Amino acid sequence: MAVQRPVVVGITGASGHLLARRCVDKLLEYGYPILLVCTGPGARVWREELEEDLSQAVAAWKGRGDVTQYNVNDIGAPIASGGLVTQGMLAAPCSMGTLSGIATGAAGNLLERAADVTIKEYRPLVLVPRETPLSPIHLENMLSLARIGVRIVPPMPAFYLRPKSVDEIVDALVPRVLSALAIAEALDEPVAYQPER
Ligand SMILES: Cc1cc2nc3c(=O)[nH]c(=O)nc-3n(C[C@H](O)[C@H](O)[C@H](O)COP(=O)(O)O)c2cc1C
């Protein structure tokens, strides 16, 4: 297997943690080291949505690949510097709060700083924002990021595939998210399922 550059994965307090879990599963399957950072609300919503602590998922991931988790307050962690060369960064799910911090360059915690670094180094940055409805503030923040090349990939179901479960919705989203991150292996993935005719 080719040596892969690490992928920074940021997890926030938005809804959609199943997608984050599947993206990390897939990146590990492809052999990418994971540099993980989770906000306080992110850990809480993970627990509420997936009925497990993030630490349990991290322990399971460590059995399958190279996973390092940093404290969101550790602004001296390696991912706070552009000197650490990465494949890019995925923030999934991305709350409107973190989206705003990234859009303004606030760099108020390690996750926002890592995103700021990813932007300044012109590496792929993919945000999976989840909120509905979206206010003009949310939309303007997304637009200002999209204009500088940040990929905005909201977790919208592919209704035309007639998904029968949340798992099927997530299966269809993972390759799209990872392709936006320029993960070459994701482009070769077969379509997860076809609608019945
Ligand atoms: C169960 C639950 C679901 C939430 N879902 C969302 C969401 O989908 N989008 C969002 O922007 N905020 C959502 N929030 C609110 C965020 O967690 C909150 O704004 C938090 O301050 C975000 O902090 P962070 O960006 O540091 O993770 C949710 C909160 C809870 C408790």
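Author: First the term: a salt bridge is a side-chain nitrogen of Lys or Arg within 4 Å of a carboxyl oxygen of Asp or Glu. This is a predicted model, where local features need pLDDT of at least 70 and side-chain atom pairs count only at pLDDT 80 or more, while totals for chains, interfaces and linings use all residues. Residues are numbered from 1 along each chain as its sequence is written, and side-chain values use heavy atoms, leaving out hydrogens and water.

Reader: How many salt bridges does the structure hold?
Author: Nine.

Reader: Which residues are linked in a network?
Author: Arg22, Asp167 and Asp171.

Reader: And how far apart are N and O for arginine 22 and aspartate 167?
Author: 2.7 Å in their salt bridge. The pair ties together distant parts of the chain, 145 residues apart: arginine 22 sits in helix H1 (residues 17-29) and aspartate 167 in helix H7 (residues 166-180). Helices here are DSSP runs (H or I, at least four residues), numbered from the N terminus.

Reader: Are glutamate 48 and arginine 44 buried or exposed?
Author: Both are exposed, meaning over 50% relative accessible area, with buried under 20% and partly exposed in between (1.4 Å probe, protein chains only).

Reader: What about arginine 47?
Author: Arginine 47 forms a salt bridge with aspartate 53 at 3.5 Å, N to O. Arginine 47 is partly exposed at 42%, and aspartate 53 is partly exposed at 30%.

Key:
Helices (H or I, at least four residues) and strands (E, at least two) are DSSP runs, numbered from the N terminus.
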